[in-house]
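Follow the description below with the structure open beside it.

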Amino acid sequence: MPDRRSILRSTLALTSGVLSATAMNSSKAAAPSAAGVSNPVRDAEIAFAATMAKRDFKAFAEFVAEDAVFIDGKRPLRGRAAVLAHWKRFFDSAEAPFSWAPDLVEVLPDGKLGYSTGPVHVKDKLVARFASTWRLDVDGRWRVVFDNGSEVCDCQGKP
């Protein structure tokens, strides 16, 4: 029969294990944008970028909100129709002219608005960074409501 000390040690070890598991689970739930944890805006951004790689303009259009504003240089493209009219040319050739991927994604605590940003590459060369604001629409789909990009400096060796 176990003595009182071994029973106490077993109880403490079991309690410690339960508390550790609980803490790990609650920290995962509290940090939806942490690496390796599912994030619906990250998933949407990756799927959105995949439409360019797959050359699927129809799928691309599904990610653009009806009231979206995409900034093209200094000229805003207002509404899905204007965005699609401008972006159609990027889908005309067999090869994607550029690619993008998120490296930072955040979602508001209410789960209805998100932000993603990351690098844009042309043939493996970093040329810009994008920044997109995502909204969870009434149909349950995430769509881009604001999109902008900024060129990056090829500043190697320059002061």
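Asp56 touches Thr51 and Phe91, leaving out residues up to four places away in sequence; contact here means heavy atoms within 4.5 Å. This is a predicted model, in which local features need pLDDT of at least 70 and side-chain atom pairs count only at pLDDT 80 or more, while totals for chains, interfaces and linings use all residues. Residues are numbered from 1 along each chain as its sequence is written, and side-chain values use heavy atoms, with hydrogens and water left out.

Asp56 and Phe91 are 35 residues apart in sequence, and their C-alpha atoms are 7.4 Å apart in space. Asp56 sits in the loop between H2 and H3. Helices (H or I, at least four residues) and strands (E, at least two) are DSSP runs, numbered from the N terminus. With a relative accessibility of 33%, Asp56 counts as partly exposed; buried means under 20% relative accessible area, exposed over 50%, and partly exposed in between (1.4 Å probe, protein chains only).

The next topic is helix H4. In H4, residues 80-87, the buried residues are Val83, Leu84, His86 and Trp87. Seen down the helix axis, they fall within an arc of 165°, so they line one face of H4; the arc is that of the directions from the helix axis to the C-beta atoms. The face turned away from this buried side carries Ala81 and Ala85, which are exposed. Among the elements that cover the buried residues of H4 are helix H2 (40-54), helix H3 (57-62) and strand E1 (64-72). Strands E2 (75-78) and E3 (99-100) also belong to this cover.

The largest nonpolar core has 29 residues, and Trp87, Phe48 and Phe70 are among those with the most contacts inside it. Such a core is a set of buried Ala, Val, Leu, Ile, Met, Phe, Trp, Tyr and Cys residues joined through side-chain atoms within 4.5 Å. H2, H3, E1, H4, E6 and strand E7 (142-151) each give two or more residues to this core. Its largest share, 5 residues, comes from H2. Beyond its neighbours within four places in sequence, Phe70 is in contact with residues including Phe48, Val83, Trp87 and Val144.

Lys123 lies in the loop between strand E5 (113-122) and strand E6 (125-136), and Asp124 is found in the loop between E5 and E6 too. Phi is positive in both: near 45° in Lys123 and near 65° in Asp124. Lys123 is exposed at 71% relative accessibility, and Asp124 is exposed at 76%.
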